[in-house]
Amino acid sequence: DLAQRMQAEKVLLELIDSPECLSQCQLLLEQGTTSYAQLLAATCLSKLVSRTTPLPIEQRIDIRNYILNYVASQPKLAPFVIQALVQVIAKITKLGWFEVQKDQLIFRDIIADVKKFLQATVDHYIIGVMILSELTQEMNLVDYSRPSAKHRKIATSFRDTSLKDILMLACSLLKELLAKPLNLQDQQQQSLAMHLLKLVLNCLNFDFIGNSADESADDLCTVQIPTNWRTIFLEPETLDLFFDLYHSLPPVLSQLALSCLVQFASTRRSLFSNPERAKYLGNLIKGVKRILENPQGLSDPGNYHEFCRFLARLKTNYQLGELVMVKDYSEVIRLIANFTITSLQHWEFAPNSVHYLLTLWQRMVASVPFVKSTEPHLLDTYAPEITKAYITSRLESVPVVIRDGLEDPLDDTATVFQQLEQLCTVSRCEYEKTCALLVQLFDQNAQNYQKLLHSSNRNPLEITVQEGRLAWLVYLVGTVVGGRLTYTSTDEHDAMDGELSCRVFQLISLMDAQLPRSSNEKVELAILWFLDQFRKTYVGDQLQRTSKVYARMSEVLGITDDNHVLETFMAKIVTNLKCWGRCEPVISRTLQLSLMSATYILLKKLVKIDAVKFMLQNHTSKHFPFLGVNDNYSLSDLRCRTTFYTALTRLLMVDLGEDEDEFENFMLPLTVSFETVTQIFNNSFKQEEAKRMLIGLARDLRGIAFALNTKTSYTMLFDWIYTSYLPILQRAIELWYREAACTTPILKLMAELLQNRSQRLNFDVSSPNGILLFREASKMICTYGNQILSLGTLSKDQVYPLKLKGISICYSALKSALCGNYVSFGVFKLYGDNHFDNVLQAFVKMLLSVSHSDLLQYRKLSQSYYPLLECLTQDHMSFITSLEPHVLMYILTSISEGLTALDTIVSSSCCASLDYVVTYLFKHIAKEGKKPVRCREISQDGQRLLHFMQQNPEVLQQVNLSTVSKDCRAFYHQMVSLLILFIFELRASLITSQPDNKREVLDQCFRNLMEGVEQNLLVKNRDRFTQNMSVFRRDMADALRCEGATEASSLDMMS
């Protein structure tokens, strides 16, 4: 229950903030009657020791020692309680890793404490291993709320001082465990084995060099083992240990042994010399052979998955030339091929693991041209068998899926596309065999399908099965045709592609002949995939017209070159847009097929095709039902209209030039729709119909505006929409501000109209269009802003769709207008026009209705607000300085918090905004100092800002430079203004916080920092300061280093 959860979190926060927190946690641990009370105490302690402002060192030592004694005295606690308490110990150890007490690194004696646990009972033994495992994991965990430089320093020190010893200890304990008779029924023994394996895995998963590998990129991972670990990896006993553990342990544990082996197989190549690497690979392959010869354990899905990952890593880290030289390669590759074929045939078992097997074969086949070894690689024998197994297994899955109502693999298009992309390389090895198989299966299934269609008693179930098979075959043909780009190809291969493509084009004719009476979405999506692959491979500017692919196609279909193919494509697109209007996936994929990625040369060819001319002249709901207004369509179905009109307008632009009549004819259907909406507004006012029409029109116009990238064409659109139709959109915002489905498309249209892409809004000098457009945008943003604020407080799940999304679009639109360089904003004040002031006030009102946490939590909102703020501080500081103190405080606080953001758009905008504010202040102070007393006229704006800063010194203190974790030259370059202005206060506070014996050295560091730096903000001066800062960081780190350790406060400062 959400309410109960929120109440529990509130109680937890109150407990953490309570002065009696520690005593209450101790009371809960010692007298709590349930495990959950103890878990609550552990959670509180974890949050308490993780605070940015640390507890006193003595208190943390006491907490750590208390927990160690507590778990030692109560080893039978619930596992999740022990885990939570161990996590507290790990956090204390990590955060205090460099802290010194009485010349001792007080928190590093954790290893000695753990060894005491290892000498006691089995339960204590397990707790000791858990502490090491959790500590290793915690050391590897990046806390983004703290400087990454500090994290890397701790992690690197832990790696260099402790990690190798921990790994060696874990391996020796596993050897001891394996040496004893294993009792698989003994829960303690199982638990010990599990925690030991997890400890080894955490050691091998450690981020050794700070590259924060993306876990989703699993197939690209290389484990950067330190060089001083070589001896562990060179011992054959190390690998043998984990292979033996796999064969000895039950599946729940043996998969952990395989996970460790995956990391061993991923060890960086440079750790070994060539002979050592060959020997190491030989041991890995020997282990693979042993597993495949005794495959019983692979029936467990966890083991199976990890073994597939293990196989994929072999080719990721080792070259095919090295693999073929291994003893028993021919036997092992045969076993792997048989295992892969069996896996593909059992398609319903662990489908997510197939990716790794296909990765292995794809990489192996792709390496064939580069193998210099004389040893046979045998891929020409086994790759066709893999391809055949994949093809036949997918066809055989169709009747089973339909008969048993299983989840259809074709519905998961992301997985299907990923597998097909891998298969396309494998299928091109011995392509003749693949092509012959596909031709045979396609002909057989197509004939059966035609028989069923012409049968007097049609069996719908049989037809569905045949259509499912044909869908797979079309996907597969598209895959192998697309494979031409990934593999060395010959004229014979192109001719084979022609044979296969003929059959798909014939199937297209057969399927389209049945429309609209009957249709199959999966076959249609497969056909669109094929057409896209064919286009990428055989249609383009660089294509040789003599390609053999057209030899067979000209005989059978009369398609002689890519122009004929384009005609077929466009005919198919028109057919789909006509007949599949209510199927969003088909319409969306159809529109993405070729128009959106077409080059100018291709567009020139397309506009000559009759089907394209038809679309340009007849884009109405009569011919294309998805453009119509119908209650059967949901409002989200209208989204594809933007894509449609973008594509259509790009085609229109090819020959449009300055022909206003042609543009008016093109816009005629939209003109008719707008006139209809106008009549509805003036008369009967059927609200739902008008709303749907306006949503569709806004989406259509946004697509058109996006494609109009020249001044001439954009001016045509502006003249068409400005006088007659923008007032209707304004009215819609007033009426339906509560309905995001209506306001979002209209606001996005306005944001697109304000984009000065390719300088299209640089109107003639005699034209007021730029100012007129901004006035309309101002009206719309003010109307929306005022109305949306009347909604009051919204629930957490409603606040973004109903309010914040619209605000983010308004901010994005306003930023485009302010940065577009097509409006002189000084004109508004000069002539008493309040549109500019109104929109800025609307910006402030909307901003104050949003919390700081929401500003950063919602990515689209933060990516529109912060760049807008950068623009305002750059060009409109007079507005910023005129704001009320509480508004200015809100903005500066948002900048301070934005500096810590991971999003570079946000953090860089914050740096720039802060630089503009402080530069403005700096220049004001410099000017005031230079004027003689008798003629000193105080600048009201600058004086107001200076007064605010003097009244609120904590504002700039919030801008903690340590929050920007990157050692970034660009950051220092932008922050020179802030640092020059406040360097002396910073210098005094930092030096006085250090011991007397270090103050003189630190004072010299600051003098070196300011050497050659003048009191100005010229680029040359900024560059000088940035260079000095890099040296300053290094000198300060050296000065604060104390006998190989750094005190916590010093480290935080230097971050």
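With which residue does Lys536 form a salt bridge? The figure legends below describe close-up views of a predicted model.

**View A. Salt bridge between Lys536 and Asp532.** Lys536 pairs with Asp532, and their closest N and O atoms are 3.5 Å apart. Both residues belong to helix H23 (residues 521–538), where they are four residues apart, about one turn of the helix. Lys536 is partly exposed, with a relative accessibility of 44%, whereas Asp532 is buried at 17%.

**View B. Salt bridge between Asp244 and Arg290.** The two side chains meet at 2.9 Å, N to O.

**View C. Salt bridge between Asp160 and Arg159.** The closest N and O atoms of this pair are 2.8 Å apart. Arg159 is buried, with 18% relative accessible area. The structure holds 35 salt bridges.

**View D. Packing of helices H14 and H17.** The axes of H14 (residues 301–317) and H17 (residues 354–367) come within 8 Å and cross at roughly 15°; the helices are therefore roughly parallel to each other. Their crossing is left-handed. Residues of H14 including Tyr304, Cys308 and Leu311 meet residues of H17 including Tyr356, Leu360 and Met364. By class, this contact has eight nonpolar, four polar and three charged residues.

View E. Glu138 is buried, at 8% relative accessibility. Leaving aside residues up to four places away in sequence, Glu138 touches Ala90, Lys91 and Lys94.

Key
Residues numbered from 1 in each chain as written. Predicted model: local features only at pLDDT ≥ 70, side-chain atom pairs only at ≥ 80, totals over all residues. Heavy atoms only, no water. Axes fitted to C-alpha atoms, helices over the stretch in contact; angles between N-to-C directions. Helix = DSSP H or I, 4+ residues; strand = E, 2+ residues; numbered from the N terminus. Parallel < 35°, antiparallel > 145°, perpendicular 65-115°, else oblique. Left-handed = near helix turned anticlockwise from the far one by under 90°. Contact = heavy atoms within 4.5 Å. Nonpolar A, V, L, I, M, F, W, Y, C, P; charged D, E, K, R; others polar. Buried < 20%, exposed > 50% of the residue type's maximum accessible area, 1.4 Å probe, protein only. Salt bridge = Lys/Arg side-chain N within 4 Å of Asp/Glu carboxyl O.
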